[in-house]
Amino acid sequence: MEPYRIKVVEPIPVTTRQQREAALKRVNYNLFDLRAEEVTIDLLTDSGTGALSAAQLAAGMAGDESYSGSRSFYRFHETVTELTGYAHILPAHQGRAAERVLFTTLLERGDLVLSNTHFDTTRANVELNQAEARDLPCPEARNLDSTDPFKGNIDLDALARTLSGPDGSRVAVVVMTITNNGGGGQPVSMENLKRTAALCRQYGVPLFLDAARFAENAWLVTRHEHGYRDRTPRQVAEEAFRLADGCMMSAKKDGIVHIGGFIGTNDPELAQKCELLLIATEGFATYGGLAGRDLDMMAQGLTEVTEPSYLAERAEIASHLAHRVRAAGVDIVEPPGMHALYLNAGRLLPHIPPHNYPGHALACQLYLEGGIRSAELGSLYLGEEDEHGNPIKSAPYELVRLALPRRVYTRSHYDHVGETLARIAKNADQVYGFRITEQSPILRHFRATLEPVPVRR
């Protein structure tokens, strides 16, 4: 059962199919542009969408809003330092702000950033600095049906070849994303992280964690990795942070807050440069664009998130939804992670070619059928077309992410998701694809406009 009781409730919208059809048409079939009151179950993201605890709200009420040196900052600083062990901690208003400050400081034109998988904003912030973001997922990640427990690992052989090869001198940093969101929400093993850290030390390259979901990664390590089953999630997390040279974090995930993040590093020169940019663009170094109450709530959330009872329920709710999705006849990226399930839209909708975006088609159908908002992670997100709309590059897989907000929805809400998918699966051949009518040069999935393409017979 859930290890909490509900003290405040919020009504959710229940709309008709006709209303949803009109809403989709109005926003040019981009689910990001829907109004919140048009969405019944919102699984677009788990970022900043969780429910605060009573202790977090109480901490927020005690927030100190002093511009410099507030009590809230020192509570936050102490909490993060104890968790990570890093000598220098800089708050930021969210993860992509931390990415921008770090990469702007760290990268030069032509540099190379290696990762198990960059997520969208991480890749964008690398590329905005005229550097290259290169993914090195482990070979096991290619098999979506495999139940290998650590498919989020980096490919150590590919990492060693790159660091020792002709591109080695270009590598500015290695980023390990835990858990691997762009790779299906899969965890990274401590053994893989240790060997990555050793390679980085050998070649003199800093290792940073993208630590947005560090606690969920730690929980899965305690469940599946030999030598860690008698450790607590907190102990695993502390060890993981100390294997790296620094981190960036969106606390909107495993900080269980609506806004917040930070950079941690042991490099005093890098910290000083980041601090100067932070002050110029985000806010003074003791608030980083955040209110004092946000710093206090983040500190409390980072304490709560490693509680075993909280993490066990989070894993169970993901398992419950995975069972309902499989029963509906829809395949997922196995094994199910904790923050999201990834539907195999390409397999469900084989009649829709990648350049007509089967993942986006399934996401739109989920909204039409059940008022459920989700996120495509397929060729709309990763693909490329020429000026005439002809495909140049498709994504390796056509996926839809169902992200699970923390402490927000109950099992009956997720049962509705399963029932909606079952209806879609029965008439999957009737689902139509899309074409892009307008797009931006980066992060196009956020702002693209689209139109339906009829099903071909």
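**Helix contact, pockets and cavities**

Helix α8 (214-224) and helix α9 each supply at least two residues of the lining of the second largest cavity. This is a predicted model, and the count of cavities of 30 Å³ or more comes to two.

**The contact of α3 with α9**
- The axes of helix α3 (residues 71-84) and helix α9 (residues 233-243) come within 7 Å and cross at roughly 85°. Because angles of 65 to 115 degrees count as roughly perpendicular, α3 is described as roughly perpendicular to α9.
- On the α3 side the contact is made by Thr81, Glu82, Leu83 and Thr84, and on the α9 side by Arg234, Ala237, Glu238, Phe241 and Arg242.
- The residues of this contact divide into three nonpolar, two polar and four charged.

**The largest cavity**
- About 70 Å³ of space lies in the largest cavity, whose lining consists of Tyr4, Glu313, Arg314, Ile317, Leu404, Pro405, Arg406, Arg407, Val408, Tyr409 and Tyr414.
- Helix α12 gives the most to the lining of the largest cavity, with three residues, and the lining as a whole divides into seven nonpolar, no polar and four charged residues.

**The largest pocket**
- The largest pocket is lined by 38 residues, of which Val8, Ala51, Leu52, Arg407 and Val408 lie nearest its centre; Arg407 and Val408 also line the largest cavity.
- Strand β1 (41-42) and helices α2 (54-61) and α12 (308-327) each supply at least two residues of the lining of the largest pocket, and this lining divides into 20 nonpolar, nine polar and nine charged residues.

**The second largest pocket**
- The second largest pocket is lined by 39 residues, and those nearest its centre are Arg123, Asp135, Tyr381, Leu382 and Lys393.
- Helices α5 (120-128), α15 (379-382) and α17 (444-447), together with strand β12 (384-385), each supply at least two residues of this lining, and the largest share, four residues, comes from α5.
- By class, the lining of the second largest pocket has 16 nonpolar, 13 polar and 10 charged residues.

Key:
Residues numbered from 1 in each chain as written. Predicted model: local features only at pLDDT ≥ 70, side-chain atom pairs only at ≥ 80, totals over all residues. Heavy atoms only, no water. Axes fitted to C-alpha atoms, helices over the stretch in contact; angles between N-to-C directions. Parallel < 35°, antiparallel > 145°, perpendicular 65-115°, else oblique. Contact = heavy atoms within 4.5 Å. Nonpolar A, V, L, I, M, F, W, Y, C, P; charged D, E, K, R; others polar. 1 Å grid on protein atoms, 1.4 Å probe; cavity = no way out; pocket = protein on both sides within 12 Å on 5 of 7 lines; lining within 4 Å. Points joined across faces, edges and corners; volume = space filled by probe spheres on them.
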